[in-house]
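Grab a pencil and keep the viewer open.

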Amino acid sequence: MASNTCFALSTLLIVYLLAASTSVIEVDGAGECGKTPIRSAVLSLSPCLAAGGNAKAKVPPVCCTKVNALINTAPKCLCAVLLSPLAIKAGIKPAIAISIPKRCNIKKRPIGKKCGRYIVP
């Protein structure tokens, strides 16, 4: 139990430090994530951090819920998040992270859609 708490605290600390140390120019225009800055979108998916860096890691239910909501509201945003420098700096591996919707058993995922050089399984 203590190791899970330690891991969770470490993950939160890494995400916080990355968010605090990364300067991002935020604009009011509508990009892949609408008016939500990419940094905020990346941080909202912090529960997916372990699963996005390790194909054998269990995907937490809260991650699945957040990914499903993003697919339903802004599927291009999910791709932008997975390929963002901030996510990669946090340890996300796009080739692994692209499999999260399938690992979550999300039925309405955009199967076959390209995300950079990756394809949604």
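Buried means under 20% relative accessible area, exposed over 50%, and partly exposed in between, using a 1.4 Å probe and protein chains only. This is a predicted model, where local features need pLDDT of at least 70, side-chain atom pairs count only at pLDDT 80 or more, and totals for chains, interfaces and linings use all residues. Residues are numbered from 1 along each chain as its sequence is written, and side-chain values use heavy atoms, with hydrogens and water left out.

**Exercise 1.** Work out which residue Cys63 forms a disulfide with, and whether Cys63 is buried or exposed.

Step 1. Look for a pair of cysteine sulfur atoms within 2.5 Å, the cut-off for a disulfide. Cys63 pairs with Cys48, their sulfur atoms 2.0 Å apart.

Step 2. Check the handedness: the torsion about the S-S bond of Cys48 and Cys63 is about 110°, so this disulfide is right-handed.

Step 3. Now accessibility. Cys63 comes out at 0%, so it counts as buried; Cys48, at 5%, is buried too.

**Exercise 2.** Describe how α4 packs with α5. (Helices are DSSP runs of H or I, at least four residues, and strands are runs of E, at least two, numbered from the N terminus.)

Step 1. Helix α4 (residues 61-73) and helix α5 (residues 75-83) pack at about 125°, with axes 5 Å apart.

Step 2. List the contacts (heavy atoms within 4.5 Å). Val67, Leu70, Ile71 and Thr73 of α4 meet Pro75, Cys77 and Leu78 of α5.

Methods: Axes fitted to C-alpha atoms, helices over the stretch in contact; angles between N-to-C directions.
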